[in-house]
Amino acid sequence: HVTVTVEPSLQVAPYACQRRTPLDHPNPALVMALETLAEAALFAGEEARGLAFTRAASVLRCLPRALQGTHELSGLPCIGGHSHRVLQEVLEDGVCAEVEAVKQSERYQTMKLFTQIFGVGVRTADCWYREGLRSLGDLQSHGTRLTRQQQAGVECFEDLAVPVGRAEAEGLACLVLDAAARLLPSASVTLAGGFRRGKPHGHDVDLLLSHPEEGREVGLLGPLVAWLEEQGLLLYQHSQHSSYTTTAEPSSSCGPLDRFERCFTILRLVLPATGTGVRAWRAVRLDLVVVPHSQLPFALLGWTGSRHFERELRRFARHEREMVLNSHGLYNMRQGTFLPASSEEEIFQHLGLDYIPPTLRNA
Ligand code: DCP
Ligand code: MG
């Protein structure tokens, strides 16, 4: 008798928001290869190509076991010819020559460095690259004009490159909650972003501020930011007024940024006491977003991510349900009505999707 072990075949739903994607998964090398090419494509301004690699990587992220060979790819969605070749090479040789070449390239390394600066996007990084700039030192020696935000980003570059730990993020959330509750009793603060998905580290801290009584949250942000300033904790801030109106055409492409009142900051994170001569603080990025109570489930869903999970939720809503989803609400285009929700679960229900908890949204 010959015993053949047959692994159960891999079944993957087409939209990332229909899948359960944990943080840790059994195919890190394959995912890393595809995500590197996705990033390089975005650096080249080729968004569609970048998205194709991101989709392929996201499919691999949700597999329950290691991929055995390319024969298993045929049943999976979103794996195009290029991704297929990359995966085959990594499966057979352990590395993919194209990916290694990208990682070594001056272009990729420089774009990665520049886009890591707070306030610098792909377009600015690309301009600098084409001007021949390659390092932070070059920005200075060439007298490159920086916005106030970029200036702060360069000054705090080394600190901001250090990931924020979960305990640090929770500590900041508590600090903000204490201050907010003194200014406005019953104010709430929710830690969103990657930390809500269970990530142990993040590049920033995303906090949603609200109040159980709709409208009471208005006017909280100014005094809160002023308090942080008085405490000497603010290294940088810029605020943005709310620009949300219910009369405007709902859009799922108000893009990365929704229309909530918010404050982007760089904060002094006070560190536990250490030896003498050691600086007692580190700069960290903190975003404060003010959300009216009725929009909180939508904002929470929109700010928990991952970015790809969000993109897929919106694409699913539009193409499969004729609905527009954003961080403010859910709009049924056929009925011409907004669908209210008092929890994230209800939003998934409106969309006819199984509920995916935050820790399984790491698409
Ligand atoms: N977001 C989004 N689209 C964007 C930017 C943000 O949908 N273009 C949402 C999803 C993100 C969340 O906001 O998860 C927070 O944005 P971050 O850039 O802080 O992303 P994360 O918190 O997921 O990552 P990190 O751990 O690096 O902070
Ligand atoms: Mg974050």
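A residue is called buried here when its relative accessible area is under 20%, exposed when it is over 50%, and partly exposed in between, using a 1.4 Å probe and protein chains only. Keep in mind that this is a predicted model: local features need pLDDT of at least 70, side-chain atom pairs count only at pLDDT 80 or more, and totals for chains, interfaces and linings use all residues. Residues are numbered from 1 along each chain as its sequence is written, chains are lettered from A and ligands numbered from 1 in the order in which they are written, and side-chain values use heavy atoms, with hydrogens and water left out.

Let's start with the metal. The magnesium ion (ligand 2) has Asp204 (OD) and Asp206 (OD) as its protein donors, 2.1 to 2.3 Å away. Donors are N, O and S atoms within 2.8 Å of the metal (3.2 Å for Na, K and Ca), and water is not among the atoms, so sites may look incomplete. Asp206 counts as buried because its relative accessible area is 9%, and Asp204 is buried too, at 8%.

Asp204 also turns up beside ligand 1: it is listed among the closest of the 16 surrounding residues, along with Gly194, Lys199, His203 and Arg307. Surrounding, or near, means that a heavy atom of the residue lies within 4 Å.

| Residue | Atom on the residue | Distance to an oxygen atom of ligand 1 |
|---|---|---|
| Gly194 | polar backbone atom | 2.8 Å |
| Lys199 | side-chain N or O atom | 2.8 Å |
| His203 | polar side-chain atom | 2.8 Å |

On its own, ligand 1 has 550 Å² of accessible area, and the protein covers 84% of that; the areas come from the Shrake-Rupley method with a 1.4 Å probe, and for residues only the protein chains shown count as cover. Helix H13 (296–304) is one of the elements giving two or more residues to the shell, and H13 gives the most, with three residues. Helices (H or I, at least four residues) and strands (E, at least two) are DSSP runs, numbered from the N terminus.

Elsewhere, Thr265 sits in strand E6 (residues 261–270). Thr265 is buried, since its relative accessibility is 0%, and a polar atom of its side chain lies 2.8 Å from the backbone oxygen of Leu286.

Conventions: A polar contact is a pair of N or O atoms within 3.5 Å; within protein, one must be able to donate a hydrogen and the other to accept it, and residues adjacent in sequence count only if both atoms are side-chain atoms.
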